[in-house]
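Thanks, everyone. Let me take you through one model, starting with its cavities.

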Amino acid sequence: MRRELTNVSFPVIDFHCDVLSKMREDHGLSFKDGAQLDVTYDRMLEGEVMLQCFAMYLPESWGIPRYEFILDQIDAFKTRVMRTGEGVRWLKWKEDAEELGQTIGTAASGRSRHLPWGLLSVEGADGFEGNLYYVRMCYELGVRFLGITWNYANWAADGVLEQRNGGFTEKGKKLIELANETGLLLDVSHLSETGFWELAERTARPFIASHSNAKSVCAHPRNLNDDQIRAIIAMNGRIGLTFVPWFVRDGGEGAVKPEELLRHIEHICALGGDDHLMLGSDFDGIDSWIEGLEHPGKYPAFAELLSRHFPEASVWKWFSGNALSFLTSHLPERDNANAG
C-alpha cells in the first residue's frame, strides 16, 4: 500500500564513515567537496546529516598499527573537517547531544540551516598498542566510541573473521573495565560472536553495533544473528543499518537497490527493534555502493522510500531519534567531567 507523504523533513545521524583514514592518506583531499570522498561537507548539508560519526580506521596497508595513526586522524578532524565551510561542531557531551536534539526538533517542519556535528570513534583497538593509558588519553581527547576489533584478532579480542572465534584476552577484559569506569562506549561490529557474549556479560552500559545488518536476511559473518539482535534490544543498545552491498544481499553482486534494505529493517523490527535501529552507512569504507545510496546527499530520497512503506514516526526514529536518545542517555556530562 502506497502511503501519502507529508512535508516532514528527516534529519540524519549516521554512525559510521571512514573519511578520516582517507584524509590521512591524502592530505590534499578537500572535505568540503572532495571528489574522492563519499561524505563531504556539502553532501552532509544536502542530505540533512546533522551528526556524522567519523571512525578512525587503521588499514593493514599502513603496517604495524601505532597510536600516532589515531592521533593523526584526530588532528585531521580538528584541522580539516571542523574548519570546513561554516564549521563542524565536535559532539562530546550529553549537553551537546541535548543541544543537537533541540536543533533536530526545529527541523521537523521543514529544512533549516544548521551547522553539522561530528562524533569520533576508533574502529579496532589495534592502534592503542595494548596500552590502556592510550585508551584513556583518547577518551580525554574526545573519542566517545570504540569498536574493539576490526575483522581479525588484536591484543584485546578476536574479530569476527578469526576462525578460532575466541573472546577477550586478559588485557581486553581490563579494557572493558576501563570503558565501564570512564564512560567510553563500545561497538561490537567486527567483534567475534564469543566476544559479543563475553562483553554482554561484563559491560556496565549498553553497546552498539554501529554498522551491521541482519544475518537471517544476508548470511555475511559481519551481520548479527537473531540472538545477538535480541540481546542488543534487551539492553537498549543500538544497531546501525549499513549500506555495504554484500551485507545487504548474499554475494552483493549486480546492482543492489535501496529497496533491498527493507527486509533487514522489517526483520530487526519484527524482533522488537523499532526503537533500536539507526543508520551506519559505512560510506568511504566501501568501493561499491547501493544504487541510489552512494553518498549522504541521497538520504532524502531514501527517507521518501521508507516513508512509503513504514510510519513516518518510525522513519524519524531510525534516521535520528534512536541514535539521539542513546547519546543523551549515555554520553558523559560536561560538568561532571570538569569536576573530576
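Start at strand β4, residues 117-123: β4 gives the largest share of the lining of the second largest cavity, three residues. Strands here are DSSP runs of E, at least two residues; helices are runs of H or I, at least four; both are numbered from the N terminus. Before going further: this is a predicted model, local features need pLDDT of at least 70, side-chain atom pairs count only at pLDDT 80 or more, and totals for chains, interfaces and linings use all residues. Residues are numbered from 1 along each chain as its sequence is written, and side-chain values use heavy atoms, with hydrogens and water left out.

Back to that cavity. A cavity is a set of points, on a 1 Å grid over the protein atoms alone, where a 1.4 Å probe fits but cannot get out; lining residues have an atom within 4 Å of a point. By class, that is one nonpolar, four polar and two charged. Ala, Val, Leu, Ile, Met, Phe, Trp, Tyr, Cys and Pro count as nonpolar; Asp, Glu, Lys and Arg as charged; the others, Gly among them, as polar.

How many cavities of 30 Å³ or more does a search of the whole structure find? Two. Helix α6 (170-182) and strand β6 (185-187) each supply at least two of the lining residues. Ala179, Leu186 and Phe207 are among them.

Now α6 itself. Its 13 residues should span 18 Å, and the end C-alpha atoms are 19 Å apart, which agrees. The expected span is 1.5 Å times one less than the number of residues. Buried residues in α6 include Leu175, Ile176 and Ala179. Buried means under 20% relative accessible area, with a 1.4 Å probe and protein chains only. The buried residues of α6 pack against α5 (132-141), β5 (145-147), β6 and α7 (193-202). Just after α6, Gly183 takes a positive phi of about 100°.

Last stop, Leu37. Leu37 sits in the loop between α1 (19-25) and α2 (41-46). Is Leu37 buried or exposed? Buried, at a relative accessible area of 1%. Its C-alpha atom is separated by 6.3 Å from that of Asp284, 247 residues apart along the chain. Beyond neighbours within four places in sequence, the contacts of Leu37 include Val19, Phe31, Arg43 and Asp284, contact being heavy atoms within 4.5 Å.

How values were computed: Buried < 20%, exposed > 50% of the residue type's maximum accessible area, 1.4 Å probe, protein only. 1 Å grid on protein atoms, 1.4 Å probe; cavity = no way out; pocket = protein on both sides within 12 Å on 5 of 7 lines; lining within 4 Å. Points joined across faces, edges and corners; volume = space filled by probe spheres on them.
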